[in-house]
Amino acid sequence: MSEQLTCGRDAAALNKQIQKPLSSSSTHERDRKPQKISGRGSERAFCADSNMTEKTREVLEIVKGVDPNQTTDEAARSEERPKWDNKVQYLLTCIGFAVGLGNVWRFPYLCQVYGGGAFLIPYLVALVLEGLPLLHMELAIGQRLRMGSIGVWTSISPYLGGVGLASLMVSFLVGLFYNTILAWVLWYFFHSFQNPLPWANCHQSNLTGSIEECEKSTAVNYFWYRETLNITPTIETSGNLQWWMVVCLASAWCIVYICFIRGIETIGKAVYVTATFPYLVLTIFLVQALTLPGATLGLRHLFTPKWETLMNPTVWLDAATQIFFSLSLAFGGLIAFSSYNPEKNNCERDALLVGCINSATSIYASIPIFSILGFKALSNYNECLDNNCKLLKDKFDIPDGNITRENCLSVVSHYNSTYPSEVEQLGLKTCDLQALLDKSASGTGLAFIVFTEAVTKMPASQLWAILFFIMLFSLGLSSMFGNLEGVLTPLLDLHVVPKWIPKEVFTGLICLVSFLVALIFTQGSGNYWLEILVITGLVELSVPLGWSGRLTVEIVAMLVVQWAIGAEWYGQGCSGSQGRRVVWAGVVRPNQYSLYWQATWRVISPPVCCWCDQDWIWPMWGSHVQAQWAKEPTYGCMTGTPRLCGLSNFSVYVLYMLQVGFPTPEARTYPGWVYAICILLAAVPCFLIPLGALYQLYRFLRKRMAQGGTKTPYVNEGYVVET
């Protein structure tokens, strides 16, 4: 009887607590008519039996700040959740996670391919309509629920746990990719102290002459494909583990573990260096690059708009994908980072700050990159002219001074018309400066082939090589913090780790497992397997097949949060105002966000994401997308160079700076089983979402059948009405 009376008093107290104004300082809340959970049997609904109804639990959780399902130990752990030492650490971590390798080697490439300055228009439109709303939503739900990706979506609804699992899987796979890139960067960094740089000239073979394979290509390509990757002819030929790559990969994972060993406590210290050092290096490169001959050619080529490219739908699609990848959305890392914030942190301002800094960094990085590429194009053009002049002088005994760079083209034209057969036998190369500027590269090709060759032509090349690879390592390391956090935080929040295992040990186990899995990338065929992650769209190098896993996560997130729940649910604690709270189950508060956020979240951003993901969801929307599906992934074989046969299509694609006349790649299609792996990796994150919902539905039906029925709130034989 006493328990029944206590339960009745709790129900009445709960109604009174809901009726209280939530903020005495808010005029709007004071004037608002209090709402009350009432109705026939309302108190019985709260006190039906020892098992409270779901709605009651939700109200108790939000109004009282207590989760009825939590044990005392779990509640204590929730209260002891780590926090950032200061706001600067949090912002630097988010900026470091967002500003990654793609800002340096993907965005400049897109600007060059899609009309220079004209590409900035769809890029900025995508930032406003897609990037900022999605970034704000992830920061808000993480701060609101203070959990990792799986815990966030499970708290919203048990049927959405698959969304968090999809984010976790994507973070794990992308972490493998990024740390393999870091291993390559370390390999080049260690060799950057040699004088001359090992990729500056072809090595000698037994002191008898240059290696034939190196002479047929270039020194930078030989060092990349043979001495770094030692690539095999085909993907079917695995090759042995390259011990030097294994050592570099182990070193990269050890550095990640050291920076991550104490969670945000050590990450917060590391980002002071990893998030700021790239800006210092970019500034140094900018000052140096602007002084190089040909820098203005590169900048003019970068920013000269080609307005006709805006009529191509692929330009807008790639702009949206670049924003999505660049902000590191759908990984779960941003959700995890924001979960360590105070509840009243202004995440709206944080989203605007991180998004704008990320885009500004992409534009800022393009200036030194294309200044150096312009210098390299001019250098190659002059070398081409000098080579042709030398051949003509030797063949026709032209006196010195009669043929120079300035008149070389006219002299070649004259002799070609006068002695066509003799000139043809010389094998003169076509020297076209505009063609050299138009040729583009991105990804590993830009970093390890094009830029390394440009560095060899700069004064003090060792210094610039060291700075460049330290910058790349800092960018990749900051991204790894978010990827690893997207894996660890959900697992720790779900308490899948036994209590007797320290967090440091569990972090080490995750790094060890990741290292063992990533050993596949250190084989001779490792570059092919790494490219599979590119083909599936999990990373930001290209999107030939699609990247539906991450986009599907964001589409489901927006639809659920904005329409099924509403922005009011998670937005109350994120606008920076004090005293704002929300009762999801019983009280509906007015919108706390401006018209811009409401319009983009509920109306604009979901269709934009669906359009970006149309190659999986709506393939009938565009013929260009269907054409992408019709193309099978290929990898090329360099005709005439048997040992380089089997270079991946993505790798061959970046060999554009080779001398004219170098054998052209012969495309080969991937075997069927490799193509199946590509589709599987792209589709599994999508399938985890419905599979998670079906599993929860199975558990619910099984529990329902075991109970033999569900009691209603009105069937409570133990309830006694007080008189």
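## A pair within helix α20

Asp394 and Lys390 both belong to helix α20, where they sit 4 residues apart, about one turn of the helix; helices here are DSSP runs of H or I with at least four residues, numbered from the N terminus. Their side chains meet in a salt bridge (3.3 Å, N to O), a term that requires a side-chain nitrogen of Lys or Arg within 4 Å of a carboxyl oxygen of Asp or Glu. Asp394 is partly exposed at 48% relative accessible area, whereas Lys390 counts as exposed at 52%; buried means under 20%, exposed over 50% and partly exposed in between, with a 1.4 Å probe and protein chains only.

## Basis of the model

This is a predicted model, in which local features need pLDDT of at least 70 and side-chain atom pairs count only at pLDDT 80 or more, while totals for chains, interfaces and linings use all residues. Residues are numbered from 1 along each chain as its sequence is written, and side-chain values use heavy atoms, with hydrogens and water left out.

The structure holds 8 salt bridges. One of them joins the side chains of Arg262 and Glu504 (3.3 Å, N to O), linking the loop between α14 (243-260) and α15 (264-274) to helix α26 (residues 503-518), with the two residues 242 apart. Arg262 is partly exposed at 43% relative accessibility, as is Glu504 at 25%.

Lys457 and Glu383 also meet through their side chains in a salt bridge (2.8 Å, N to O). Lys457 lies in the loop between α24 (444-456) and α25 (461-493) and Glu383 in helix α20 (residues 347-396), so the pair ties together parts 74 residues apart in sequence.
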